[in-house]
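The following exercises ask the reader to work from a structure to a description of its parts. Each task is followed by a solution in steps.

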Amino acid sequence: MRLKEKLIVFIAWLSGKPKVIGLCVFFFLLLLIGLLVIQRYQIIKEGRRLEMANVLNVVKQNVQLVLNNGSAATLTLAMTLNDRGIPKNFDAVAARLIASNPDYKALELLPKGIIKYLYPKKGNEPALNFDLFKKSEESRLMADKSIASKMMYYAGPYELQQGGMGIVGRLPIYRENRFWGFSAVVIKQDAFFNSIGVYNNKNNNFYFQFSNVDIATGKEDFFLKGDRDFLGQDHQSTSFAGTNWKLYVINADNGIIPFQLLYPLLFGIGLAILSSLLVVQVVKKTTELQNLVDSQKLKLINTETKFKTIFDQAAIGIALVTPTDGRFLQVNKKLCDILGYMESELLNLSFQNITLPNPLNGASDHTKRLDNGLVKEYRVQKKYLHKEGYVKWCNIVETPLWNDDGEPTSHIVIIEDVTDRKAAEKIVLDSQLRIESLINTIDGIVWEADPNTFEFTFISKKVEDILGYSVEEWLSSPTFWADHIHPDDKAWAIEYCTVSTRKNIQHDFEYRMVAKDGTIVWLRDIVNVISENNNPILLRGIMIDVGENKQAQDALNHSFNLVTEQNKRLLNFSYIVSHNLRSHTSNIQAITNLIGQTSSEEERIELIEVLKTVSGLLNETMLNLNKVVSIQTSIDVIKERLSLSNYINKTIEILNDQIVLTNALVKNNVPKDVIVNYNPAYLESILLNFIFNSIRYSHPDRNPVVELDSFIEDSQTVLQISDNGIGIDLEKHGEELYGLYKTFNKKPDSKGVGLFITKNQIDAMGGKVTVSSVINEGTTFKIYFK
C-alpha cells in the first residue's frame, strides 16, 4: 500500500476517534504554552535581577554619599593645621561639621596615630590619648593600609573605645611628604544603616545584608538582621573603595513561581483544555452540540472564578474604575491595604476623592486619549491620601477595557505603593544637600578631577566668589583649569601636578590664575591623590585665595628692604660723621692747645686765623651732612609726572654761563614725550650735578661735548649722560666713587660732595646709577628711573 493510501486510511480512522484528536490538540497546546511560560519566567527573572541591581545601586550611592561626606569633613579638619602641624580653631570647625551632620558621633585628629584632639569631648572622654596602632592587629593593619595607600579608609562597624557601635573613617595627613597622623570621623552605626536605606526596606521580593571582612583572619562578619546563609540563593553584591565592606541584596522568593506566571499558566491550561474539548465536540455528532455549549459555559464560569481569586489575592493594588469620573467599580485587598479603606468604603469613592491635590471634576485629558485609542496605557506617579490622613506615593498604570462594539466599558488600574522608595530618595537628596551646604561653607574651592587629563568632574560654587566663573562655565571645557592658569605659571604648574600625581604624592603649591574680570588671583592648591592598587584614580583638592597673604608678604619684604637700606645708610652716615667730624674736631683741639701754649702774639693771631678756617670747614661739613640727612630720612618723597626733556633744557639754561665760557656743546636727544614720576627738586639737582661735572672735568685738549639720550631697558626708563672728558680710573676709584669727600682729580675746587648727594637722591627715589669710563676718552653715566 502506498504512503498516500496509508495516510487516507489513518485520517479515516482518526476521524472516528474524536477523543484522540482532542488529546493530541491538548498536548500540542500544552507544549506551546509551556514554552511561552518558560520564556515569560526568564523575562520575569531578568526583571527581578535588574530590580535588585537598581536597588543595590541606590543603596551603594547612599553609602558613597556618606563616605564622601566623611571625606569632606576629614579634609576640612586637616586644613585646620598650621605651618607647625598644630590645629587652629579645631573645636569651632568641628562644631560646624557636627551641626551639619548629626549622624557623626565624634571628630578626631590623631598625630602619630594617637587621639589628641576630639570633639565633642563629652561622652567621648575614654577615647582621648588612645593609640590606634596598639588597639588590635586588625586596627594596626587597617591603619598601615591607609598610610600605604595615602587615601581615606573606613573601618568597622565595631565596639568603640568610648562605648557603642560605630564606623570610623581615617584620612592620612602628610606634611612635607612625611606622615603626620590621621584626621578621623566616627559615624554612629544605626545612623549609618538608616541613612543608606537598608533599615527602611519593606520590599517583600528581597532583603539586604552587610558585612565586614577581617583583614587579619579573612572572616566575614554580618551586621544586619535576617538570614546570613544566603550564598546558595539568588543574590548580588558590591564592595566599596577604601573599606573592607560588602553589601548584598538577596532574592527573598528564590525558587518560588512568581505570581506573574500563575495567571498565564492557569489560563493556558484552561485554554488547552477548552481547545481540546472544542475539537472533540466539533468532531462529534451535531446532536451533541448543545451539551458542548453548556459544558463550555460551565468551564468559563470556573475560569472567571479563578480570575476573581487571582484578582483578589494579587500582591499589588488593582481596581476597575469608570472611564469618565474614576469611580471605583471593583477593588482588591492589596489596594484596600495601601489606602487604609475597606472595600465597601472605596466603592463609594473615586480616585479624584483621594488624589492630592484634588483635580477638577470631569474626564481628564489622558482619559480621553485612552478612550479614543490614541494611547494604549497611561503611566503616572501621584500622591494619595490614606484614610488615616498621611500621604501615600503610588505608581499608576491605567488601561482601558473594550466591549465587542469597540466601546470602553471600564478602566483597569494597577497601583504600586512607592512611599518607602520616595523616602529613600529623599534621604539621598537630603544627604546631597547637606554635603553641598558643607562644601559651600568651606572658605576655598573644593574640586575633583581626572588624574590623567586634569578634567574637572566637580567644583564647588565658591569658584564664583573667588574667580568669578560659574560652575557650568568651569565644567564646560575639559581643559578649563589649564587654559586659565597665568601664562608665566602654566607650564611648571601642570608639570609639577603631573609628576606628583604619577608618584602618588599629595602636593601643595601656589600659582596664579586669571579671573573672569581679567584680574590675577594667587591660589594655594592642596591636592590629595586617590589611588587603587597604587594607580591614581581621582584627584581631590581645595583652592584657597592667598592674594591677601601675598600682598602682606610683599609689603613685609618691601618694609624689610626699606629697613635694610635705611640701616645701610645709617651705618654709612655714622661712618662719615665719625670720620669727618673727628678729623675737624681733632684739628680744632690741636690748634686750641697750640694757642694756649704759644707766648707770641703774632703766632697766636696766625693760629686764630687757622682756627677760623678749620671751623668754617666744619660748618661746611655740617651743612653737607644736613643735606645727606634730609635725603636719607625722606621715606615718602613727593613725586610728580615730569617731562625729562624739559628739565634737561632748564638745566642747560642754568649752566649757560659755564657752557659759553668753556665753549661746550650739550646735546639733548631725549624725546619730548618721555615722562618720569620723580621729585622735581631731586631731578633738577641730579641733572645739574652730572651735566656740570661733564663740563667741569673736560679734557684740556678739546672742547667739552655732553650728550643726553633716553631709552627703555628691562621695562625701565634710562637716561644716559655721556661726555668726552678726562675720564675716571674705575679700577682704582670704582668702590669709593660715590663716597663723601672722595675726589679723583687734582682740581682744587673738588670737594667730593656732589656725587655722594646725587647717589643718595637716586637711591631715595628707588632707582640706580651705573658708570663706565675710559681715562682720557670720557665717561658715561646711566640713571635708571623706577
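**Exercise 1: A pair of strands and their sheet**

In this predicted model, L171 stands opposite S183 in β5. Determine which strand pairs with β5 over ten bridges, and in which sense.

Solution. 
Step 1. The partners are strand β4, residues 165-175, and strand β5, residues 178-188.
Step 2. Their ten bridges are of the antiparallel sense.
Step 3. The pair belongs to an open sheet of five strands, ordered β2-β1-β5-β4-β3, with antiparallel pairing.
Step 4. At the edges of this sheet lie β2 (117-119) and β3 (153-159), each of which pairs on one side only.
Step 5. On average, neighbouring strands of the sheet are turned by 20° against each other, direction ignored.

**Exercise 2: A helix on the sheet**

State which strands helix α5 touches as it packs on the sheet.

Solution. 
Step 1. Helix α5 covers residues 189-196.
Step 2. The strands touched by α5 are β3, β4 and β5.
Step 3. The direction of α5 makes about 75° with that of β5.

**Exercise 3: A nonpolar surface patch**

Is L32 buried, partly exposed or exposed? Identify also the patch to which L32 belongs.

Solution. 
Step 1. L32 is located in helix α2, residues 18-78.
Step 2. A residue is buried under 20% relative accessible area and exposed over 50%.
Step 3. L32 counts as partly exposed because its relative accessibility is 41%.
Step 4. Together with F28 and L36, L32 forms a nonpolar patch on the surface, and the three have about 310 Å² of accessible area together.

**Exercise 4: The whole protein**

How many helices and strands does the protein contain, and what share of its residues is buried?

Solution. 
Step 1. The protein has 23 helices and 27 strands.
Step 2. Of its 786 residues, 40% are buried.
Step 3. The protein exposes about 43800 Å², of which carbon and sulfur atoms supply 54%.

Note on methods
Residues are numbered from 1 along each chain as its sequence is written. This is a predicted model: local features need pLDDT of at least 70, side-chain atom pairs count only at pLDDT 80 or more; totals for chains, interfaces and linings use all residues. Side-chain values use heavy atoms; hydrogens and water are left out. Patches are made of residues with over 30% relative accessible area and no salt bridge: like charges are joined within 9 Å, nonpolar side chains (Val, Leu, Ile, Met, Phe, Trp, Tyr) within 5 Å. Accessible areas come from the Shrake-Rupley method with a 1.4 Å probe; for residues, only the protein chains shown count as cover. A salt bridge is a side-chain nitrogen of Lys or Arg within 4 Å of a carboxyl oxygen of Asp or Glu. Helices (H or I, at least four residues) and strands (E, at least two) are DSSP runs, numbered from the N terminus. Buried means under 20% relative accessible area, exposed over 50%, partly exposed in between (1.4 Å probe, protein chains only). Two strands pair if DSSP finds at least two bridges between them. Axes are lines fitted to C-alpha atoms, for helices over the stretch in contact, and angles run from 0 to 180 degrees between N-to-C directions. Contact means heavy atoms within 4.5 Å.
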